[in-house]
Amino acid sequence: MLGNILLIDDEEKLRTLLSRIIRLEGFTVWEAPDLKSARKLMDKEAIDVVLCDVKLPDGNGLQFVQELKSKYPSVEIILLTAYGNIADGVQAMKSGAFDYITKGDDNEKVIPLLNQAMEKVQLRKHVELLERRVGKRYGFEQILGRSPLIKEAVALAQKVAPTDATVLLLGETGTGKEVFAQAIHHASKRTGKPFLALNCSAFGKELLESELFGHKAGAFTSAVKDKKGLIEEANNGTLFLDEIGEMPMELQAKLLRVLETGEFIKVGDTRSTKVNVRIIAATNRSLQNEIQSGHFREDLYYRLNVFTITLPALRERVKDIPLLSEHFLRQFALKTNQHVTTMNTEFIERLQQHDWKGNIRELKNVMERAVILATGDTLTTEDLPVELQSSLGSIHKSSSQLSAFDLSSVEKLHIQRVLNHTKGNKTEAARLLNIGLTTLYRKIEEYHIL
């Protein structure tokens, strides 16, 4: 069947005739003699297109268009009337009707119009499906991890996502800052609008200014035509500025103006350009240290630091390594057409013992290499890079390795005693230890405290 049509008309003979003609075209048709019956059918059936008479026993079709478009915005409505006039036609189109035709005179237009309206409905459904797929691909469900630190970061991101607040993502290289930025964008009211990303460390000052703010023709030697910058391209959407700490001071002033006024001036221009863009920034540097050293504007820092989320390093969420590794194993086995399905225990232990300076990005690269090198269906330590094949790179000391004089031993023992005292209440334990709850979770992960 081509789609679902609801025909609303109080003239039974005409309604029966039109229904028969429409069904012969392959559509499924429901009939209603009045608006009351139509509303019940709309609530029960997945109607795509409504063919509605203007004058009905219990209401007016023009007003019903507004009601339908408010409740079912994806439904298209074609109005029928015995007395067509321009004023009603204009009102119908303003209310959101797909078209407006006169009974008798325009009968031959009914089927072509239904086909056109149905094409529009199907196209909208296809776009919505693609948007859902994109949202799923870039949504929060793609952020894997069960450790308290990553769950806390996700919870904060989900809270700020629906707002227009500027977000500052902190964390080491490879911790997934762009993944978080995309998830925030796709969970916001700006989803479906542009999401653009720029690494501020990838360009020199002049090129970065042109990329970010755009330029007018003739602004410099190679500027042969006007160019929109990423801030303008991202209008009504989100711009992700990675490595914001690398941005030159002169450009920081221009970015500050965008955040404060929504305006900027292109290179070589004399007039301001207005934009409505959400900024998500990220850095692996301490911006406070950059401010003290004179490399970062304090006023810009406070504008960016409206809502800060710190992403944990992979070594702080060791328990998530098997989950992440399994995800990358499936991903690269499918990509390379390799029949690799599992990892042995020693392989996973080596991953958990490694000091992941490149974090998730480094783990991803290691897993891709391992899958490519695998000779069987199980990954073993022989598939790992040389530096991971022994446990010498471990950053986690076992309890037996910790001496009585080791500061780590003392700290672990003290935290364990306080947790025993609070009967496992981490919030109370953090208060007694005079440390943040996030710090306590990190210490629990680091020392493998159960």
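How many bridges join S12 to strand S15 (residues 278–283)? Four, and the two strands run parallel. Strands pair here if DSSP finds at least two bridges between them.

This is a predicted model, where local features need pLDDT of at least 70, side-chain atom pairs count only at pLDDT 80 or more, and totals for chains, interfaces and linings use all residues. Residues are numbered from 1 along each chain as its sequence is written, and side-chain values use heavy atoms, with hydrogens and water left out.

**Stop one: strand S12**

Select residues 238–242, strand S12. Strands (E, at least two residues) and helices (H or I, at least four) are DSSP runs, numbered from the N terminus. Five of the five residues in S12 are buried, meaning under 20% relative accessible area (1.4 Å probe, protein chains only). Thr238, Phe240 and Asp242 point one way, Leu239 and Leu241 the other.

Next, show strand S9 (residues 195–199), which runs parallel to S12 and is joined to S12 by five bridges. Leu198 has Leu241 of S12 as its bridge partner.

**Stop two: helices H2 and H3**

Select H2 (residues 35–44) and H3 (residues 61–71). They pack at an angle of about 15°, with axes 13 Å apart. The axes are lines fitted to C-alpha atoms over the stretch in contact, and angles run from 0 to 180 degrees between N-to-C directions. H2 is therefore roughly parallel to H3, a term for angles under 35 degrees.

Show side chains. Leu35, Ala38, Arg39, Met42 and Asp43 in H2 meet Phe64, Glu67, Leu68 and Lys71 in H3; contact means heavy atoms within 4.5 Å.

How values were computed:
Parallel < 35°, antiparallel > 145°, perpendicular 65-115°, else oblique. Buried < 20%, exposed > 50% of the residue type's maximum accessible area, 1.4 Å probe, protein only.
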